[in-house]
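Here are my notes on this one, in the order I'd look at things. Have the viewer open while you read.

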Amino acid sequence: MSAETPASREVPKENRFKVWRQTRPFWAGLFTLLGGLPIAYLPYGDMRLGNVTLAMKTTAGAGALIIGVLLITLGLTMWFQPIVRVFAGVATIVLGLVSIPVSNFGGLVIGFLFALVGGGMSIAWAPAPPIEEAVDTEDDGEPEASAEAGAVLTAGLPEQRGPEHHATDKTIDANGGRNSAG
């Protein structure tokens, strides 16, 4: 675990895994791991159907093994270093695409699809904003609105013009002359 992991002694034991899972792209890492397994295994594995042995050994078996091991490593990286989730997601998608010609159509398309889904989920995942603990002084059931909170909420909004604003030579004469052209 890293120093940023909030699952510490303050969290009850039964909730530690849940807290750990929610603070990183868990499902993206799991899909990436599941994508790496068939890509790495199928070029070396044998399947028996009765007396017939199906061997999918190819000349690119080493490349498939490298791609599979890298996908498994990227899945673990998503779990234990969530700060590099975008890089890991892009690398997962690229390796999944490369696995199509190298590793028996990407582990018979199963590993390829898992890798693409895992990489996309990793790129799309964003950490939740931190929850600030409020000090309960007097709770009368109504939220308090302060001047600071109002200023923060309206800081990103443009200033609203009142009806006293008239058209000038720099405005377009449309919608009452309120569309500023420069």
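Is Phe17 buried, partly exposed or exposed? Phe17 comes out as partly exposed, with a relative accessible area of 48% (buried is under 20%, exposed over 50%, partly exposed in between, with a 1.4 Å probe and protein chains only).

1. Ground rules first. This is a predicted model, where local features need pLDDT of at least 70 and side-chain atom pairs count only at pLDDT 80 or more, while totals for chains, interfaces and linings use all residues. Numbering starts from 1 along each chain as its sequence is written, and side-chain values use heavy atoms, with hydrogens and water left out.

2. Overall layout. The protein chain has seven helices and four strands, running α-α-β-β-α-α-α-α-α-β-β from the N terminus; these are DSSP runs, H or I of at least four residues for helices and E of at least two for strands. Of its 182 residues, 28% are buried. Among contacts (heavy atoms within 4.5 Å) with a separation of 6 or more, 60% join residues 24 or more positions apart.

3. Back to Phe17. Its ring pairs with Phe26, edge-to-face, at 5.8 Å centre to centre and 90° between the planes. Rings of Phe, Tyr and Trp (its six-membered ring) pair if their centres lie within 6.5 Å; planes under 30 degrees apart are stacked, over 60 edge-to-face and the rest tilted. Phe26 is buried, at 11% relative accessibility.

4. Another pair worth a click is Trp20 with Phe80: the centres are 5.8 Å apart and the planes sit at 50°, so this one is tilted. Trp20 belongs to H1 (residues 16–22) and Phe80 to H3 (residues 61–80), so the pair ties together parts 60 residues apart in sequence. Trp20 is buried at 9%, whereas Phe80 is partly exposed at 39%.

5. Zooming out, ring pairs link Phe17, Trp20, Phe26, Trp27, Trp79 and Phe80 into a cluster. The structure holds nine aromatic pairs.

6. Now the helix packing. H2 (residues 26–41) and H6 (residues 110–124) pack at about 155°, with axes 7 Å apart. Axes are lines fitted to C-alpha atoms, for helices over the stretch in contact, and angles run from 0 to 180 degrees between N-to-C directions. The two are therefore roughly antiparallel, a label for angles over 145 degrees.

7. Who touches whom? On the H2 side, Trp27, Phe31 and Leu34 are among the residues meeting H6, whose own set includes Phe112, Phe114 and Met121. By class, this contact has 12 nonpolar, six polar and no charged residues (Ala, Val, Leu, Ile, Met, Phe, Trp, Tyr, Cys and Pro are nonpolar, Asp, Glu, Lys and Arg charged, and the others, Gly among them, polar).

Technical notes:
Parallel < 35°, antiparallel > 145°, perpendicular 65-115°, else oblique.
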